[in-house]
Amino acid sequence: MKMKFNLKKLVLCGFMLGVLTVAAALPAAALNITWPFQKVKVESVELGEYEATMVVGTTQQLRPYALPENASKPQVTLYSEDNTIITIMENGVIGALAEGTTRVVATADGVSNYYTITVTPDPSTIVTDMDLSMESTEIAVGSTVSLSVAVSPSSAVSTAQVTFTSSNEQVATVNAFGKVTGVSKGTATITAQCGDVVRTIDVTVKIPTDGIHLNTNYVVLKPGQTFTIKGSVTPASAPQWLSFSSKDKSVAKVSSGGVITAVGTGSTSIVVSNGSSSSMVTVIVNQNASSTTPEEGEGSGQTPDGNEPETSTNPIYQQISDSTEAQVVFSQAQLPQIDTDILDLLRRTGRVLVIEGDGYTLKLDGAQIQNTGNTVDTALVFTQGEKGLEFVLNNGQALPGTLEITLKDGNSGYARLYLFNEATEKWQYLNSYENDVLRTDEAGRYLLTNQTLTFIGVSWYALGAAVVVLLAIVVVYIVIKKRYWFW
């Protein structure tokens, strides 16, 4: 039987056999064939060019990209490991918020790479010099004086963070606002520091005045009559000189020797001070006062009609004066204002006054009163603001001493307390608040909050202005070069 051979089929079989032989000899990796529809994974993320150091308030464009170029998910996302230092904005733009070092992570399809960026301060906001001064470097125990600080350059004023310390807090203390308080007799060095700049000033603290004791606290006169205020200061080691001033000279005026002269009908107060302490004498002038000659009332410690000077008719004053308890309690409605007479009484008796208000308790220790001329508005009105609960203490007017405020009911439970600094127009954190109790000798606007307030951000106006200036420089450069270099 004769067999027929098909040449074409024979060649095809030989070719297939050769392919299988070659494939068997090749390593497995060589057979990795990529089909058009097969997913291509991201192998790496490249960072591209970038600035590793930035200045606070500036921005830069990051341009990361994924490899290989034909990867199925080439989109790269960014996030900052510390948003307080670097913030991520739109389209790969990042902004420098605060000094420090952090990483920006670039991720695509589970593959990551890292930008390490250090943020440095704006040179124009770095303090290079500082002047420190005080109105007086001699203060009495219990009195206060404020430090005056001037920093250079002037562009650093708004961002300068000055800290104050005392070399001897047993002699003098200083708070975060630069208020120095005398504690005991001696000397102390107050240090102000801002960055690497340090300045000091020496303070001498004198013996405090226990009190000014006057021959009267209440005088009734007819127009034209006079009365002489006499007083003494304790202890004997305290300054013994006295100054006198009238709050309303149209009613009564007073000489440097303490002689009151009635001018017109009405009432006023004479402030008696020795610089570190003060007291008050109330003067009432009317036409119905008993007819006496001016000399009869002078220096007698009596009113011109020969009677003993009247004491305060304020019932609260009488209750405090008659109390046998170390602590006296009133509602805020009973005592809306602590006047100078009550302050003087509290300081002389050493009693503690407690005011119960709506959502708070206010406490004033007579031993902590430094100036009886500063009255206290006992009302605290709480308002819910954008950042937390706000209230104003004593309408922003100076306090006579340290107040203790205990918050309760709906006003309690806040973790942080801030005082608005009028000079910098920023909230300043206070560490004198703990367990819903505030101890302060600073009047003003307060904020209770659970937030941690920060005030550093990117100035878009400054950034826009910088871009405009840079473009203008480039345009001028091109015009000049074309004109003189012929290109």
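Modeller: Two strands are said to pair if DSSP finds at least two bridges between them. Strands of a sheet pair through backbone hydrogen bonds, either parallel or antiparallel. With that in mind, and noting that this is a predicted model, one may turn to an open sheet of 4 strands, whose order is E11-E17-E16-E13 and whose pairing is mixed. At its edges are strand E11 (138–140) and strand E13 (163–166), each of which pairs on one side only. From one strand to the next, the twist averages 30°.

H3 comprises residues 315–322, and among its residues Ile316, Tyr317 and Ile320 are buried. These three cover an arc of only 105° around the axis, and therefore lie on the same side of H3. Pro315 and Asp322, on the other side of H3, are exposed. The cover over the buried residues of H3 includes strand E27 (327–331), helix H4 (340–349) and strand E29 (352–357).

Finally, Gly373 is found in the loop between strand E30 (360–369) and strand E31 (376–377). Its relative accessibility is 27%, so Gly373 counts as partly exposed. Leaving aside residues up to four places away in sequence, Gly373 touches Ser278 and Thr340. Gly373 and Thr340 are 33 residues apart in sequence, yet 5.7 Å apart in space from C-alpha to C-alpha.

Definitions and conventions. Residues numbered from 1 in each chain as written. Predicted model: local features only at pLDDT ≥ 70, side-chain atom pairs only at ≥ 80, totals over all residues. Heavy atoms only, no water. Buried < 20%, exposed > 50% of the residue type's maximum accessible area, 1.4 Å probe, protein only. Helix = DSSP H or I, 4+ residues; strand = E, 2+ residues; numbered from the N terminus. Arc of directions from axis to C-beta. Contact = heavy atoms within 4.5 Å. Axes fitted to C-alpha atoms, helices over the stretch in contact; angles between N-to-C directions.
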